Amino acid sequence: MAYNSPQNMEKNDIKNLGEFGLIKHLTKDIPLINKSTLKGVGDDCAVLKFDDDKEVLVTTDLLLEGVHFDLTYVPLKHLGYKSAMVNLSDVYAMGGMPKQITVSIGLSQRFTVDDMEEFYAGLRLACEAHGVDIVGGDTTSSLTGLMISITCIGEVERGKAIYRSGAKPTDLICVSGNLGAAYLGLQLLEREKDIFYSQKTDANGLQPTDFQPDFAGREYLLERQLKPEARRDIILKLRESGIQPTAMMDISDGLSSELLHICEESKCGCRVYEEHIPLDYQTASQAEDFNLNVTTCALNGGEDYELLFTVPLADKDKIERMEDVKMIGYITSAEDGKVLITRDGAQFDIKAQGWNPLKE
C-alpha cells in the first residue's frame, strides 16, 4: 500500500509542507456549492447562514486505526469515502439534509502527502455525491496510527427533526435495504488477512507478493463494508410520500441495539418478526459458509447504515408501496417487552449485542 512506501515518504514527506501547507494543498480547489456557506476553509471558523425556517443539525464521529478500521485491507480512498458517509447517515437519520463537514486528522510519519490525497479523494467523492461542502478541520501528529474526526452540519425544516423518542404503540417498525452484509464483508476481509499473515515469509522476513485474496462471488459484501451508502434516497421517498416517521435511527451498531435505543427513548416495547428481516442472498450464503446464524448477523453485525424507523399504522399502505423498505414488526407498550418472534413462532427477548468499541 502507498502509505508504507519509502520512496513516497522521501519524495512527498508531509513535513515538507507543514500543517497549513498540507491543508492548503488538499483543499485549494474545493468549490463551495451551497448558498449557506459564506466562508469555508481558510479562516479560524467557517461562517454559515441558514434561513429562519430551518434547524441546524450537527454530528461528529471519531474513527481510530486498529479500532474502527484496518489499513491492511481498507484502501485509503475507501476510508475517506466511508468516513464521510457515516456522518452523513446520522443527519439523514434525523430527517435532515447534510450541508457541510469539517475534517480533523491525526497521522504518523509513515503517511505521505500522496496517502492523504487518496483519503481526500474518497472524502470528496462522497461529499460531491451528496452535495456537501468541506469547510475546515485540523491536522496533528499521532503516535498510535491514523485518527479521523469528522463533524457534519445539516439542516431540517423547523419542527420536522425526527428523534428516537417519538415511537408509539401500534406504530410500524420499518428498515431500508438489507442487513448483515457489512458484517459478513468484514468477516471475509479478516479471513483473508489471517490467511495472508499465515503464509511463510522469505529470507528477508517479507510476506509473499503473489497472494491473491478469494472474494469471488462476494463483491456485494465487500462493497457494503468498504463503501457504505447513506440513505438520502429513503429520506426523499418518505418526503415525497408524505410520511413523517415518529422515530428514526441509522443502523451503525446493529439492529438489536438500535431497536432498544428507540424503545428506551420512546418508553415502549416492540415485536419484531425474524421472517421479515431483509437479507441479501450473498449474506445468507456467506453466513452458511462461515457456519454463522444469518439472523444473528443481521441483528448484531452493525455498519449497515440503513435506516430504522417507525411510522403510524395509518401509513401502512404508503410504506408497502415504497421500494427498498420493509416492515419488520410493530411497537408495543413497555410492559410487553422487546421481543423477537422466530420463524417457528418461538419468542426471545431482544438483547443489545451490537458492536461496542469500548468493550474489552
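Let's start with G185, which sits in helix α5, residues 181-198. Helices here are DSSP runs of H or I with at least four residues, strands are runs of E with at least two, and both are numbered from the N terminus. This is a predicted model, so local features need pLDDT of at least 70 and side-chain atom pairs count only at pLDDT 80 or more, while totals for chains, interfaces and linings use all residues. Residues are numbered from 1 along each chain as its sequence is written, and side-chain values use heavy atoms, with hydrogens and water left out.

Is G185 buried or exposed? G185 counts as buried, because its relative accessibility is 0%. For that term, buried means under 20% relative accessible area, exposed means over 50%, and partly exposed is in between, using a 1.4 Å probe and protein chains only. If we set aside neighbours within four places in sequence, G185 is in contact with L221, L222 and Q225. Contact means heavy atoms within 4.5 Å. T283 is 98 residues from G185 along the chain, and their C-alpha atoms are separated by 8.5 Å.

Now please turn to T27. The distance from T27 to G185 is 32 Å, C-alpha to C-alpha, and the two are 158 residues apart in sequence. T27 belongs to helix α2, residues 18-27, and at 13% relative accessibility T27 counts as buried. Which residues does T27 contact, leaving aside neighbours within four places in sequence? Those are V41 and Y120.

Y120 brings us to the aromatic rings. The structure holds three aromatic pairs. F119 and Y120 form one that is edge-to-face, with 6.1 Å centre to centre and 65° between the planes. To count as a pair, rings of Phe, Tyr and Trp (its six-membered ring) need centres within 6.5 Å; planes under 30 degrees apart are stacked, over 60 are edge-to-face, and the rest are tilted. F119 is buried, with a relative accessible area of 1%, and Y120 is buried too, at 8%.

Y273 and Y330 form an aromatic pair that is tilted, at 6.4 Å centre to centre and 35° between the planes. Why might you care where these two sit in the sequence? Y273 lies in strand β9 (residues 268-273) and Y330 in strand β11 (residues 325-333), so the pair ties together parts that are 57 residues apart in sequence. Y273 is partly exposed at 25% relative accessibility, and Y330 is partly exposed with a relative accessible area of 33%.

Next up is strand β6, residues 147-157, where we find M147. M147 is partly exposed, because its relative accessible area is 27%. L64 is 83 residues from M147 in sequence, yet 4.7 Å away in space, C-alpha to C-alpha. Beyond neighbours within four places in sequence, M147 is in contact with L62, L63, L64, S104, I105 and G106.

S149 is also placed in strand β6. With a relative accessible area of 19%, S149 is buried. Not counting residues up to four places away in sequence, S149 touches T60, D61, L62, T102, V103 and S104.

A quick stop at two loops. N291 is found in the loop between α9 (281-289) and α10 (294-300). N291 has a positive phi of about 60° although it is not a glycine, and at 71% relative accessibility N291 counts as exposed. E303 lies in the loop between α10 and β10 (307-311), and E303 has a positive phi of about 65°, again without being a glycine.

Let me finish with the chain as a whole. How many helices and strands does the chain have? There are eleven helices and 13 strands. Of the 360 residues, 49% count as buried. The C-alpha atoms fill a box of roughly 65 × 60 × 35 Å along the principal axes. A compact globule with 360 residues would have a radius of gyration near 21 Å, and the chain has 22 Å, which agrees. That radius is taken over C-alpha atoms, and the globule rule is 2.2 Å times the number of residues to the power 0.38. Among contacts between residues at least 6 apart in sequence, 85% join residues at least 24 apart.
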